[in-house]
Amino acid sequence: METAMPPTTPDPAAPVTPKPQDAGQGAARAAVAADAAPRLITEGISVHYGKVIGVRDVSLTFRDKTVTALIGPSGCGKTTFLRSLNRMHDLTRGVKVSGKAVLDGTDIYANGVDPVTIRRRIGMVFQKPTPFPTMSIYDNVVAGLKLVGIRDRALLDEVAERSLRQAALWDEVKDRLKAPASGISGGQQQRLSIARALAVEAEVLLMDEPTSSLDPQSTMRIEELIQELKDTVTIIIVTHNMQQAARVSDYTAFFYEGDLIEVADTNTMFTNPREQRTNDYITGRFG
Amino acid sequence: MAVTAPVVGRPRRIAAVTPENLRRRYRRDRIMIGLLVLATAVVLIPLLIIVWYVVANGIGAVLTSDFFTQDLGSPARALQGRPTGLGHTILGTLVVDGLALLIAVPIGIGAGIMLSEYPDHPLNPVLRVLNDTLNGMPAILKGLLAFSLIVKPMGTFSGFAGAVALAFVMLPIVARATEGVLRIIPWSIREAGLALGLPRWRVVLNTVLPAARVGVVTGILIAFARAAGEAAPLLFTSFGNNFFSSTPLRYLVGPVDTLPARLYSLAISPYKEWHAMGWGAGVILLLLVIVTFVGTRIVTRQRHATDL
């Protein structure tokens, strides 16, 4: 596979606009997305684990109504970068994050910004579904509201139904909302986790290998769900499955050993990447 | 006859599967099992002897309604055959132990949460040292602590002082059990709660602690059973009483009788009638401890299905 000659130096801070010769869905999707407002902009994010650098100077723009996939071999920093987007590294000792991540004009790492409010606006779904084990399905969905003091039953009911419908789980659980959440299948639990994040009206949804522990059927459901959700939330998904990235995302960013190597619309990325390393990874020469 | 291995070529004798060797190993196995059974018996038999002995001697005193409805009075009462019993002792034990629980449980759970969930807090190492020290302190010293803190300022022996002494006994047990069971809850639960934008204390209280419910309750029950049997700390805090207290408040601010302390004074008294009641007190104490531990088993078994 040949790499194309770049007409200009690649600027990772902007999404790559599709080249005129690209045809098909990918280009159309990206073209729409290129006009969308930027939701989350990172500038020079670096993450240090003590002396070791996990992520080095990454600047990326994530726009409304888009799905961005972060790909790369194990240990390349994609998950580390993802976790810096909702200040999850605050919870780990010895980790230092530098740089800016601007959500709607506010740098989430600025002084005086409360990480708790940030995490409501930027939600996260993990690899292993984690419903709160002692709560029912209903209580799990509304946990983000109920546990901060919202008691209005009518409101909670409405939010629960809306979120479960958005997560494509309502029909399956509407008759047993009070059943323990640990009793539903893995795929359903993962959709429950997504519903939970949607209930607090997250603007961005970070997904850390969300289908890695699921069977192919559930994986397909979640991938369909991602397509449905991108109109409501901006989605950033880390995946080690390149086919998934190709199926699901509008933009793909390739990470390698802590650096952002390349970002492009998915179509271009998988057919005509600029960098040799990207090409090698995608064609399976390593990783 | 040698058993040969399925190898191509010269058949070899594999020592491990010769019949004599196998027989020898089975015999050794049986000897080991025998030793284990013996060891278990050595542990269980004294327990059974104690239970049998106490029940045999005390059941007579317990199986009368007087035992539960009458107070002790002076020795003359028992010697003259007038109604006497340990109703006030049982009541006093329930009051003092119950109050001790009320004091120790919230503080103990709080300490356990602090030790497990906030390892970075500057007070954490201090708390750990204090907890471990309190755990290792002899119970009579805990009684002495309550004496100097409560009895001296109040100027009187009291149920409250006894409760505080027993709370000192219960506290480190509850704190250690809570910490232990919280540590087992996987980090992913906390992570999911925090990623939802919940403040840390909410995550601990509403998502982590409920998952650890069973372990915490077990810790509380074990602490209760342990404290219920302590006599030494009560000797100079709640002190003892031969009578029902005149008002409910006097159980808190006046001397109160408790089973372990009363058992001691009845046992060293010169009166045969009182000795019989001492055995009765022993039966009740035994019952209290057994019921507590059976309750623990019931709680742990029931919850098993809904645990992680």
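User: What is the bend at a residue?
Analyst: Two axes are fitted, one to the seven residues ending at that residue and one to the seven starting there. The bend is the angle between those axes.

User: Where does α4(B) bend in this predicted model, and which proline follows within four residues?
Analyst: The model is predicted. In it, α4(B) bends by about 30°. The bend sits at B:Ala104, and the proline that follows within four residues is B:Pro106.

User: What does helix α4 of chain B reach from its first C-alpha to its last?
Analyst: The helix runs over residues 87–117, which is 31 residues. At 1.5 Å a residue, 45 Å is expected. The reach in the model is close to that, at 44 Å.

User: Which residues does B:Val174 touch, not counting residues up to four places away in sequence?
Analyst: One of them is B:Ala104, the residue where α4(B) bends. The list also includes B:Gly219, B:Ile220 and B:Ala223.

User: How far apart are the centres of the two domains of chain B?
Analyst: Domain 1 covers 15–63 and domain 2 covers 67–306. Their centres are taken over C-alpha atoms. The separation is 33 Å.

User: How do the residues on the side of domain 1 of chain B that touches domain 2 divide by class?
Analyst: The contact takes 9 residues from domain 1 of chain B and 9 residues from domain 2 of chain B. On the domain 1 side, no residue is charged. The division is 6 nonpolar and 3 polar.

User: Which element supplies the largest share of the side of chain A that touches chain B?
Analyst: The contact joins 24 residues of chain A to 18 residues of chain B. On the chain A side, α3, β6, α5 and α8 each supply at least two residues. The largest share is 4 residues, from α3(A).

User: How many charged residues are on the side of chain A that touches chain B?
Analyst: By class, 13 residues there are nonpolar. Another 6 are polar. The charged residues number 5.

Notes: Residues are numbered from 1 along each chain as its sequence is written. Chains are lettered from A and ligands numbered from 1 in the order in which they are written. This is a predicted model: local features need pLDDT of at least 70, side-chain atom pairs count only at pLDDT 80 or more; totals for chains, interfaces and linings use all residues. Domain bounds come from an automatic or database domain assignment. Two residues are in contact if their C-beta atoms, placed from the backbone, lie within 7 Å. Ala, Val, Leu, Ile, Met, Phe, Trp, Tyr, Cys and Pro count as nonpolar, Asp, Glu, Lys and Arg as charged, and the others, Gly among them, as polar. The expected span of a helix is 1.5 Å times one less than its number of residues.
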